[in-house]
Amino acid sequence: MSEQPIDSGLNFDNSYAEQLAGLYVSFQGDKAPNPQLIQFNQQLAETLGLDAESLSENDLAAMLSGGTQILGATSLSQAYAGHQFGGFSPQLGDGRALLLGEVLNSAGQRFDIHLKGSGRTIFSRGGDGKAALAPVLREYLLAEAMHHLNVPTTRALAATITGEKVMRDKALPGAVLARVATSHIRVGTFQYCAARGETEKVKILADYSIARHYPELQSHPQPYFALIEKVADQQASLIAKWMNVGFVHGVMNTDNSTISGETIDYGPCAFLDEYNPSQVFSSIDRQGRYAYANQPSIGKWNLARFAETLLPLIDEDEDKAVQLATEAVEKFDEKFQAYWLEGMYQKLALINTGQLNRALVNDLLSIMAEYKFDFTQLFRSLSATISRIKDGFMHTDLTGCFKVLAIHSNSNAMQSLQEWHVRWVQCLMDEGQPVAEIVTHMEQTNPIYIPRNHKVEEALQAAERENNFVPFKQLLAVLKEPFVEKAELLIYSEPAPKEFGCYTTFCGT
């Protein structure tokens, strides 16, 4: 006799399953032999309308590990295609994941609840469909860090160990991540239909996406052209925010590019320590396709692939459709530059957007790249130098203010930064902002805590090797307040020690 579905109290409304036949396969995950919650996001659960207190921890763990039916949910694995490192795969899909269902909360907001690591699906392509513990915890940490850094992202609802081992280069503890997004519709979802010549399905998907994410476009005279423009705007804004906090996604394939403009799939990703525009962390990105500085151009490239899928809907005249789509895609560069500069001006507390301030931004980044200044620490330290301004006078010796200078024995680095600093302070004084307001603004804009790569690795290794989740939980707590400096947390703000070496990440599959 089958088990009764768990009544989660969530208000399921499964529009993807009901409206997008052919873009998914019904699927229920494997039943974990001994599921146990490692971490549960109570605040996010409340946003969803999930009353965790009405459920036992065993029910929560069973529900969020994939093998248990949930009352009202229609679980499925989504189909999509994708360009992976430039090469096109016409069928990828959720090879180790499932969409538990969509829920509507009390405010009428719609969210996907999605699992990663719940078992093999029709899209698994020879994989085992499972996830190891460390990649699950990595995504939990990085997604929540991005959320609290005010970067649009999927979020982690729960991390659950399954009680089984998964084989990679060795046997590793298995786990499942429950994540939440406004949807999991990707550029690759559109490519899946277009690659099969299913123009009508592309139209159904586009209409569904507009209704779900951009209902204001439904009355637009050219809604599909407008959809390209809207996605371009969302992606330009998102990637600018990545760049402004020093984030390297690492695997910007079209199947990891969302229509909603949320960061998705935290595999071989990391944050910069020293500023290096060519920085790559992924073990498989040997050509640097997804390096830090390449992210805007890859975002535009992905957008062009999205636009290609919509050409038959934009205009019956193919030449005219290409012209319009190209026009929408070409706006990406201007949009990104505007968002990125706005973010940099915010980081430097600059009001004016003229050429003088733009030169300040570019010159600072050149100095940082040449002398390998720590990205996060330098911007955070700038506010300390502003606090020393008295009646428009700025002390010339900044050594005591710039913590980052302590790691530089190069006198040229210190001299270059101080010369730049004089120009920056003069611009701030010319703009007439009160010093206290500048300092407060900068401290609320420039984080002191990011997921430092060595601290992330410490947490993952302690969990994986010792079954010790204390470092993970401590780091997660720090990342929830990235702008609030606390003396006892100094260790979390420091760059990796030299012995940590070159950091390499892996996709986790």
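Predicted model: local features only at pLDDT ≥ 70, side-chain atom pairs only at ≥ 80, totals over all residues.
Residues are numbered from 1 along each chain as its sequence is written, and side-chain values use heavy atoms, with hydrogens and water left out.

Let me begin with the cores, where a nonpolar core is a set of buried Ala, Val, Leu, Ile, Met, Phe, Trp, Tyr and Cys residues joined through side-chain atoms within 4.5 Å, and buried means under 20% relative accessible area with a 1.4 Å probe and protein chains only. The largest nonpolar core has 130 residues, and I228, F306, L310 and W424 touch the most other members. Its largest share, 14 residues, comes from helix α7, residues 223-245, a helix here being a DSSP run (H or I) of at least four residues, numbered from the N terminus. Another core, of 29 residues, lies apart from it and includes F27 and I70.

Turning to α7 itself, 20 of its 23 residues are buried. What span should α7 have, at 1.5 Å a residue? The expected span, which is 1.5 Å times one less than the number of residues, is 33 Å, and this agrees with its end C-alpha atoms, which are 33 Å apart. Just after α7, G246 takes a positive phi of about 75°.

Key. Buried < 20%, exposed > 50% of the residue type's maximum accessible area, 1.4 Å probe, protein only. Helix = DSSP H or I, 4+ residues; strand = E, 2+ residues; numbered from the N terminus.
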